Structures are given as structure tokens and as C-alpha cells.
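Please look over the structure shown here before reading on.

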Amino acid sequence: MGASDEPRRVHFQSPEYLVERLDAVADLFDKDRTDLLVEAIREYLEDNAESETFQDLVAERYYNDQLEFETVKQLVGAETAQRLRILKTDLESEPFDLAPSDDVDIYTGETTTVDPTTASDTSSEQ
């Protein structure tokens with residue numbers, strides 16, 4: 001068992017009716033109250049880790065230096081955290097100061113003009 005898997009005692013307050021319901025469910029399934037709580041917390045965290053809203057919030061806080069990388073890894077997983085770290089590094093870096101190429105004309109060839117008033121009409125006909 002790794003250090004992060006070691007049981008840790010926590011204390012919290014809950015409305016009495018929730019504890020009573022939890023105890024009833026624990027009795028029904030012949031389980032311990034703690035086991036049900038740990039399972040519920042694990043499922044909640046896993047569901048949120050996959051939520052786009054949650055990941056956006058984690059990214060925003062990470063980019064604003066409100067979360068450390070290790071915390072981000074715990075919240076959204078190592079792969080997503082690494083992607084966020086790469087993007088953050090890219091966003092923080094200075095843009096390249098590149099002069100436009102003199103030997104390439106990106107506007108050569110045939111051009112097309114689009115009338116926005118008719119463009120939306122033709123897309124609805126298809």
C-alpha cells in the first residue's frame with residue numbers, strides 16, 4: 001500500500017437524516033458506513049475529473065497560478081495535467097519574432113469572394 005493509499009481519519013458534520021440513511025443502506029448491503037462513504041467520494045471525484053466544466057475550472061486556476069501542478073495531477077489525472085502544463089508553458093513563452101517570408105506569396109492563385117448574405121442562404125438549402 002503506497003503512502004497516498006494509507007487511511008486517514010477525517011471528521012465532518014452531516015445532517016442527521018443523511019447519516020441515518022447511510023447507515024440504513026450500509027445495513028442493507030451488509031457494508032460499513034466508511035466503505036460506502038469512501039466509495040461515494042471516489043465516484044464523485046472520478047465523475048468530476050471527466051467533466052469538461054471541472055477540467056476548465058482546473059485549467060483556469062492552474063494558468064492563473066492558483067493551483068500547483070501536483071494538485072492538478074490529482075484532480076484531472078497525469079495525462080491531462082501534462083497537456084495543461086505544456087499549454088501553460090507555451091502560453092507563457094514569448095512569441096517568435098519571425099519576419100514574413102519574402103519568397104512565398106500565400107495569396108497567389110485564384111481567389112473567391114463570399115457574400116455573407118447569400119452564404120447562409122445556400123448552406124440551409126443543402
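1. Overall pattern. Read along the sequence, the protein chain follows the pattern α-α-α-α-α-α. The count is six helices and zero strands. This is a predicted model, so the points below describe a prediction.

2. Burial and contacts across the chain. The protein chain has 126 residues, and 12% of them count as buried. Among contacts between residues at least 6 apart in sequence, 20% join residues at least 24 apart.

3. Helices α4 and α5. Helix α4 covers residues 69-76 and helix α5 covers residues 78-92. The two pack at an angle of about 135°, and their axes are 7 Å apart. α4 and α5 are therefore oblique to each other, as an angle has to be over 145 degrees to count as roughly antiparallel. Their crossing is right-handed.

4. Residues between α4 and α5. Which residues of α4 meet α5? On the α4 side they are F69, V72, K73 and V76. Their counterparts in α5 are A78, T80, A81, Q82, L84 and R85. By class, this contact of α4 with α5 has six nonpolar, two polar and two charged residues.

5. Helices α3 and α5. Helix α3 takes in residues 52-63, and its axis comes within 11 Å of the axis of α5. The two axes cross at roughly 40°, which makes α3 oblique to α5. α3 passes α5 in a right-handed crossing.

6. Residues between α3 and α5. From α3, the residues Q55, A59, Y62 and Y63 take part. They meet T80, L84, R85, L87 and K88 in α5. Sorted by class, the contact of α3 with α5 has five nonpolar, two polar and two charged residues. T80, L84 and R85 are listed here and are also listed in the contact of α5 with α4.

7. Salt bridges in general. Side chains of opposite charge can pair when their charged atoms come close. How many salt bridges does the model have? The count comes to six.

8. E70 and K73. The side chains of E70 and K73 meet in a salt bridge, at 3.5 Å from N to O. Both residues lie in helix α4, three residues apart, about one turn of the helix. E70 is partly exposed, with a relative accessible area of 49%. K73 also counts as partly exposed, at 32% relative accessibility. K73 is one of the α4 residues that meet α5.

9. E79 and R83. E79 forms a salt bridge with R83, and their closest N and O atoms are 3.8 Å apart. Because E79 and R83 are four residues apart in helix α5, about one helical turn separates them. Is E79 buried or exposed? E79 is exposed, with a relative accessible area of 63%, whereas R83 is partly exposed, at 48%.

10. E92 and K88. A salt bridge joins E92 and K88, with the closest N and O atoms 4.0 Å apart. Both residues are in helix α5, four residues apart, about one turn of the helix. E92 is exposed, with a relative accessible area of 51%, but K88 is buried, at 11%. Salt bridges that share partners join D65, K88 and E92 into one network.

11. The surroundings of K88. K88 has its place in helix α5. Its relative accessible area of 11% is under the 20% cut-off, so K88 counts as buried. What does K88 touch, leaving aside its neighbours within four places in sequence? K88 is in contact with Y62, Y63 and D65. Y62 and Y63 are among the α3 residues that meet α5, and D65 belongs to the salt-bridge network with K88 and E92.

12. L91. This residue also lies in helix α5. At 56% relative accessibility, L91 counts as exposed. The C-alpha atoms of L91 and Y63 are separated by 8.9 Å, while the two residues are 28 residues apart along the chain.

Conventions. Residues numbered from 1 in each chain as written. Predicted model: local features only at pLDDT ≥ 70, side-chain atom pairs only at ≥ 80, totals over all residues. Heavy atoms only, no water. Axes fitted to C-alpha atoms, helices over the stretch in contact; angles between N-to-C directions. Parallel < 35°, antiparallel > 145°, perpendicular 65-115°, else oblique. Left-handed = near helix turned anticlockwise from the far one by under 90°. Contact = heavy atoms within 4.5 Å. Nonpolar A, V, L, I, M, F, W, Y, C, P; charged D, E, K, R; others polar. Buried < 20%, exposed > 50% of the residue type's maximum accessible area, 1.4 Å probe, protein only.
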